[in-house]
Amino acid sequence: MPKSTTPTKYIFVTGGVASSLGKGIISASLAKLLQARGYNVTIQKLDPYLNIDPGTLNPYEHGECYVTEDGAETDLDLGHYERFLNIPTSQANNVTTGRIYQSVITKERKGEYLGKTVQVIPHITNEIKEHIQLLGANGEFDFVITEIGGTVGDIESLPFIEAIRQLKWENHEEVLFIHLTLIPYLAASGELKTKPTQHSVKTLLEYGVQPDILVCRTEHHLNKEIRTKVARFCNVELESVIESIDAETIYEVPLLMQEEKLDEVVLKHLKMPLNSTADLTKWNEFLYNLKNPTQEVEIGLVGKYVELKDSYKSITEAFIHAGAANKCKVKLKWISSDELTPQNVAKELKGLDGILVAPGFGTRGIEGKIEAIRYARENNIPFLGICLGMQCAVIEYARNVLGLQDAHTVEIKASTKHPVIAMMQEQKDITDMGGTMRLGAYPCKIKEDSTAYKAYGKELISERHRHRYEFNSKYLTQFEQKGMKATGINPNNHLVEIVEVENHPWFVGVQFHPEYKSTVVNPHPLFLSFVKAAVKH
């Protein structure tokens with residue numbers, strides 16, 4: 001992309017009234033509209049928690065941990081950014097309070113502050129500003145959109161709010177504030193209420209931040225009277241009160257924001273040319289296919305965190321992309337691996353067109369995953385195993401086909417006689433929780449006569465990883481003699497990346513996470529092929 005000739009513009013998206021209003025989707029939708037007008041855009045997320053990253057967080061705490069090309073473990077919103085924009089994010093796109101404090105404390109220990117008292121202002125706020133401006137520093141982007149996690153009024157996010165207030169005064173023309181708020185509907189009185197929004201903006205004003213644009217989440221359309229009232233009480237122009245009504249799918253939000261002229265209002269505020277109108281041809285094609293499927297399949301998603309759907313966000317979105325491309329509605333049946341047993345597995349999985357065994361860590365639910373895989377293999381149901389799902393497929397095959405009854409992964413059973421999944425020697429000496437992980441993009445060479453090759457249509461691919469244990473290559477010959485083939489190998493360290501079972505309609509296990517790279521414009525080839533096989537089934 002050509003470098004920008006004008007200074008990078010910074011757009012900050014804050015949230016008020018309630019959490020989970022969809023700051024990530026609004027940020028991604030605005031970015032999509034600006035990108036569709038020919039601008040170079042990136043999005044970053046500032047998270048107010050003290051963890052360095054979400055890598056060690058339980059998925060029940062924070063949903064899925066998303067991994068970037070450069071191996072950063074990040075917030076799941078970065079997945080939305082990539083799926084909408086079709087461009088990769090990096091370590092710089094997700095900053096936590098923990099990372100900010102870690103950086104400041106490291107500098108203090110090295111004496112970089114020359115013996116001064118280290119304080120929230122200016123040291124923490126300066127560090128935040130530095131991280132915010134990192135993405136805009138090389139002139140690659142016209143816009144850096146920064147989503148600030150949490151809700152205005154939270155103690156944790158105060159340093160972030162103060163940092164963006166300072167940035168506004170230092171770069172007045174280049175900074176814009178968007179505040180996402182809620183206008184609730186009270187059924188008892190049949191009214192939309194603006195008071196929560198007024199209070200939310202009042203809180204922001206107390207911190208010295210005046211929103212330029214208000215995006216109002218609502219279940220009912222806002223009439224002119226409501227918009228005028230909000231504009232008047234919150235010191236914004238009438239055209240800067242944007243309605244964000246509940247949508248059937250998150251992928252409709254860019255079109256709703258375009259109808260509300262959000263991108264035009266932003267460009268006008270920042271004195272940027274409107275360029276051409278936003279070209280959303282491919283986006284509209286995708287939405288048409290999504291809403292007009294010609295067939296339906298039911299796929300079982302077997303995992304241990306199924307109570308919280310956000311734990312598998314990238315997988316569910318990858319199915320949406322692949323389903324639309326196949327003009328097929330993918331209906332997911334959420335199956336808790338904790339509850340699957342040899343006695344009930346046939347009843348629970350009966351009638352499914354495909355089975356996906358999800359990634360994860362730890363002991364819980366592993367035997368249920370192994371049962372699900374056995375059922376898929378023995379009943380010729382299309383199967384995709386991701387990360388731990390692939391490792392469970394290896395264990396299942398070792399036990400039930402190779403006859404190695406004790407086969408296991410050393411993650412669960414260190415004393416197993418047959419460690420078909422083990423840790424690489426160079427990882428064993430690392431004690432840091434995240435240090436033993438293989439994270440980020442690694443190459444993989446695919447064998448030509450394989451299901452994976454048919455899906456990708458090429459020999460050399462690159463995919464993202466997030467795991468600690470590997471296929472134990474000492475057992476490879478035994479597996480291949482009995483019909484489970486290693487069809488994808490890392491050309492650098494010769495680790496097994498893909499396994500497939502012969503004489504099965506579609507049985508693929510992958511050590512990497514294909515779901516991380518699926519986008520609206522480029523659905524992932526493995527998911528496309530898997531859904532196609534489910535349709536055929």
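Colleague: How do you know that the span of helix α15 (residues 388–400) agrees with its number of residues?

Modeller: The expected span of a helix is 1.5 Å times one less than its number of residues. For the 13 residues of α15 the rule gives 18 Å, and the end C-alpha atoms are 18 Å apart, so the two agree. Helices (H or I, at least four residues) and strands (E, at least two) are DSSP runs, numbered from the N terminus. This is a predicted model, in which local features need pLDDT of at least 70, side-chain atom pairs count only at pLDDT 80 or more, and totals for chains, interfaces and linings use all residues. Residues are numbered from 1 along each chain as its sequence is written, and side-chain values use heavy atoms, with hydrogens and water left out.

Colleague: What makes α15 largely enclosed by the rest of the structure?

Modeller: A residue is buried under 20% relative accessible area, exposed over 50%, and partly exposed in between (1.4 Å probe, protein chains only). In α15, 12 of the 13 residues are buried, so the helix is largely enclosed. Among them are L388, Q391, C392 and E396.

Colleague: Why is the space beside L388 and Q391 called a cavity?

Modeller: On a 1 Å grid over the protein atoms alone, a cavity is a set of points where a 1.4 Å probe fits but cannot get out, and its lining residues have an atom within 4 Å of a point. L388 and Q391 line the largest cavity, together with residues including F361, E411 and Y469. Its volume is about 60 Å³, where volume means the space filled by probe spheres set on grid points joined across faces, edges and corners. The search of the whole structure used a threshold of 30 Å³ or more and found five cavities.

Colleague: How is the lining of the largest cavity divided by class?

Modeller: Ala, Val, Leu, Ile, Met, Phe, Trp, Tyr, Cys and Pro count as nonpolar, Asp, Glu, Lys and Arg as charged, and the others, Gly among them, as polar. On this basis the lining has four nonpolar, three polar and two charged residues.

Colleague: What makes a space a pocket rather than a cavity?

Modeller: A pocket is an open set of points with protein on both sides within 12 Å along at least five of seven lines. The largest pocket holds about 1,200 Å³ of space. It is lined by 43 residues, and the closest to its centre are S20, L21, G22, D77 and D310. Helix α1 gives the most to this lining, with four residues, while β2 (41–47) and α12 (313–325) are among the elements that supply at least two. By class, the lining has 15 nonpolar, 13 polar and 15 charged residues.

Colleague: Why is the pairing of E317 and K313 called a salt bridge?

Modeller: The term requires a side-chain nitrogen of Lys or Arg within 4 Å of a carboxyl oxygen of Asp or Glu. The closest N and O atoms of E317 and K313 are 3.4 Å apart, so the pair qualifies. The two residues are four apart in helix α12, and they are therefore separated by about one helical turn. At 4% relative accessibility E317 counts as buried, and K313, at 17%, is buried too.

Colleague: How do you know that a salt bridge links distant parts of the chain?

Modeller: The side chains of E170 and K129 meet in a salt bridge at 2.7 Å, N to O. E170 belongs to helix α6 (residues 158–170) and K129 to helix α5 (residues 120–134), 41 residues apart. K129 is buried at 7%, whereas E170 is partly exposed at 48%. The whole structure has 34 salt bridges.

Colleague: Is R374 buried or partly exposed?

Modeller: R374 is partly exposed, because its relative accessible area is 31%. Other salt bridges share partners and join K45, D47, D75, D77 and E147 into one network.
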